Amino acid sequence: MTFEPKIVGFLCNWCSYTGADLAGTSRIQYSPNVRVIRVMCTARIDPTFVVKALQDGADGVLICGCHPGDCHYSEGNYKLMRRYPLLKRLLTAYGIDDARVQLEWVSASEGRRFGDVVDLMTQRIRELGPSRVSAALATDAAER
Amino acid sequence: MSEKLQIAKYWGAGCGGCDVSLLDTNEFILDIAAAADIRLWPIAVDGKYSDLEAMEDGELDVSLYNGAVRNSENEHIAKLLRQKSKIMVAYGSCAHLGGIPGLANFATRDEIMDRAYLHNPSLQSGSKVVPQPITEVDAGELTIPSFYRRVYKLDDVVDVDYYLPGCPPAPAQVKAVVLTLVAALTAGAEAPQKGAVVGASDVAVCEDCPRTRDEKRISKFYRPWQIIQDFDRCLLEQGIPCAGVATRSGCGVRCPNTGMPCRGCYGPLPNVVDQGAKFVSALASIIDSKDPEEIDRIIADIPDVGGLAYRFGLPASLLERRVER
């Protein structure tokens with residue numbers, strides 16, 4: 001069976017979710033691998049959400065928000081901009097390839113770009129292969 | 001049986017600091033000895049595993065288990081104590097969350113064995129002696145406990161009634177918890193709800209911290225020895241990563257009061273599932289920059305993000321251990 005990456009996407013309500021919506025209404029073809037979760041702002045994305053997604057079997061996590069300077073709440077996306085590199089280092093400590101988590105800025109008018117971002121992310125995760133997180137945790141329960 | 005309470009205290013993978021913390025209750029330990037028979041406490045009193053095995057189920061009133069579960073002996077005794085005890089208490093950070101020994105979950109068993117027994121500057125070069133669970137000798141077979149692939153917290157292997165956090169638990173809290181349990185067992189007082197974290201509060205360390213807090217905006221992280229700190233001001237505001245924001249209070253703010261940042265030993269706040277992720281989130285949010293490259297430079301001053309975030313709770317985190325590579 002070919003590996004189909006499962007990617008969880010956290011999209012901000014004001015730019016990226018609208019951008020994804022535009023990709024749909026514009027009939028843009030892109031990989032169907034991202035499961036989108038809408039959040040009001042990327043600042044709402046607690047690193048716990050990303051870790052939880054990986055624990056529950058996601059092969060990748062895609063975070064999309066308004067371009068810097070364009071946040072609906074002025075500065076929300078900067079909060080994520082600061083959390084993102086620290087979160088990546090946390091995941092590296094866990095031995096998880098940090099490319100499994102990606103941050104991209106996508107505006108409400110960038111439907112085409114959203115499709116490209118998803119295609120690229122899916123391709124990248126396909127190359128990395130399935131995440132071994134769930135399997136590792138299952139092994140621990142079975143074998144000391 | 002006698003009227004006295006029957007208690008046991010055991011150490012799994014721990015340092016012995018928890019055992020000392022019980023003694024740190026000073027003369028109160030005499031009250032414990034007067035009110036209770038200490039049936040097993042390897043570090044302090046006599047009492048053999050065989051005595052434990054000979055007990056009736058439920059014969060012990062309280063078992064205080066400190067230390068994490070690193071090997072088969074730790075798990076075996078945890079299960080025996082659970083079987084023989086009415087109340088099982090995870091005592092201290094290691095039993096509660098995995099503790100310092102839990103940091104070993106960032107490495108594999110093979111890496112640990114290699115580092116400890118094969119490639120270590122303090123070893124005689126060429127040493128190839130690695131402990132084996134079973135060794136054949138002329139007289140027969142010798143066994144030692146088997147070293148697990150990873151570290152577990154106590155409730156990964158047995159049912160736990162109460163969690164008493166801290167590395168080690170603060171003596172005043174130990175005393176209060178012991179008195180609560182004695183009152184529940186002997187005088188019919190209401191016991192804490194099963195599964196409760198006892199001997200701690202439900203707010204963050206910051207709530208009890210006497211340092212003054214203002215706006216948190218930092219442009220550099222420092223390790224405690226890299227900066228002459230202002231003892232009256234929040235450590236985070238001075239760029240010293242302090243886990244107080246993401247840690248349950250009840251310790252008496254021991255570390256910040258002595259000039260050291262909180263390391264998070266009392267564990268996550270109620271309803272927080274992953275203490276390290278919360279701590280990292282808080283640390284990132286105080287960085288005063290909107291430039292990705294500058295942000296990268298600022299966080300580069302934190303040498304070990306994983307170890308900092310999960311100093312006492314890696315086995316209790318969502319991912320529990322290093323999972324790949």
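Visitor: Which residues touch the most other members of the largest nonpolar core?

Guide: The general idea first. In soluble globular proteins, nonpolar side chains tend to be buried together. In this predicted model, the largest nonpolar core holds 78 residues, and those touching the most other members are I7(A), C12(A), L54(A), V61(A), I63(A), L87(A) and V280(B). The largest share of this core, eight residues, is supplied by α3(A).

Visitor: What is V61(A) in contact with, leaving aside its neighbours within four places in sequence?

Guide: V61(A) contacts I7(A), V8(A), V50(A), A53(A), L54(A), R100(A) and V101(A).

Visitor: How should I read the packing of helix α1 against helix α4 in chain A, and what is the angle?

Guide: Read the angle together with the distance between the axes. Helix α1 (residues 16-25) and helix α4 (residues 111-128) of chain A pack at about 95°, and their axes are 7 Å apart. Angles of 65 to 115 degrees count as roughly perpendicular, so α1(A) is roughly perpendicular to α4(A).

Visitor: Which residues make that contact?

Guide: On α1(A) they are S16(A), G19(A), A20(A), L22(A) and A23(A); on α4(A) they are G111(A), F114(A) and G115(A). By class, four are nonpolar and four polar, with no charged residues.

Visitor: Now the two chains. How many residues does each give to the contact?

Guide: A general remark on size comes first. The size of an interface is often given as the accessible area lost when the parts come together. Here the description is by residues: chain A gives 29 and chain B gives 30. On the side of chain A that touches chain B, α2 (47-55), α3 (76-93) and α5 (133-142) each supply at least two residues. The largest share, 11 residues, comes from α3(A). That side of chain A has 16 nonpolar, three polar and 10 charged residues.

Visitor: What domains does the assignment give for chain B?

Guide: It gives domain 1 (5-100 + 152-197), domain 2 (107-149) and domain 3 (205-316). For domains 1 and 3 of chain B, the C-alpha centres are 30 Å apart. Their contact involves 14 residues of domain 1 and 13 residues of domain 3. On the domain 1 side, the largest share, three residues, comes from helix α5 (residues 93-97) of chain B. The residues on that side of domain 1 are seven nonpolar, six polar and one charged.

Visitor: Where in chain B is N26(B) found, and what is its phi?

Guide: The background is brief. Most residues other than glycine have a negative phi, and most peptide bonds are trans. N26(B) has a positive phi of about 55° and is not a glycine. N26(B) sits in the loop between α1 (17-23) and α2 (28-35) of chain B, and is exposed, with 9 other C-beta atoms within 10 Å.

Visitor: What is the phi of V253(B)?

Guide: Phi of V253(B) is near 50°, which is positive in a residue other than glycine. V253(B) lies in the loop between α9 (205-208) and α10 (254-257) of chain B. V253(B) counts as partly exposed, with 18 C-beta neighbours inside 10 Å.

Visitor: Is the peptide bond from C167(B) to P168(B) cis or trans?

Guide: That bond is cis, with omega near -10°. P168(B) is in the loop between β9 (162-164) and α8 (171-186) of chain B.

Definitions and conventions: Residues numbered from 1 in each chain as written. Chains lettered and ligands numbered in written order. Predicted model: local features only at pLDDT ≥ 70, side-chain atom pairs only at ≥ 80, totals over all residues. Contact = placed C-beta atoms within 7 Å. Helix = DSSP H or I, 4+ residues; strand = E, 2+ residues; numbered from the N terminus. Nonpolar A, V, L, I, M, F, W, Y, C, P; charged D, E, K, R; others polar. Buried ≥ 20, exposed ≤ 12 C-beta atoms within 10 Å, placed from the backbone. Domains from an automatic or database assignment. Core = buried A, V, L, I, M, F, W, Y, C linked by C-beta atoms within 7 Å. Axes fitted to C-alpha atoms, helices over the stretch in contact; angles between N-to-C directions. Parallel < 35°, antiparallel > 145°, perpendicular 65-115°, else oblique.
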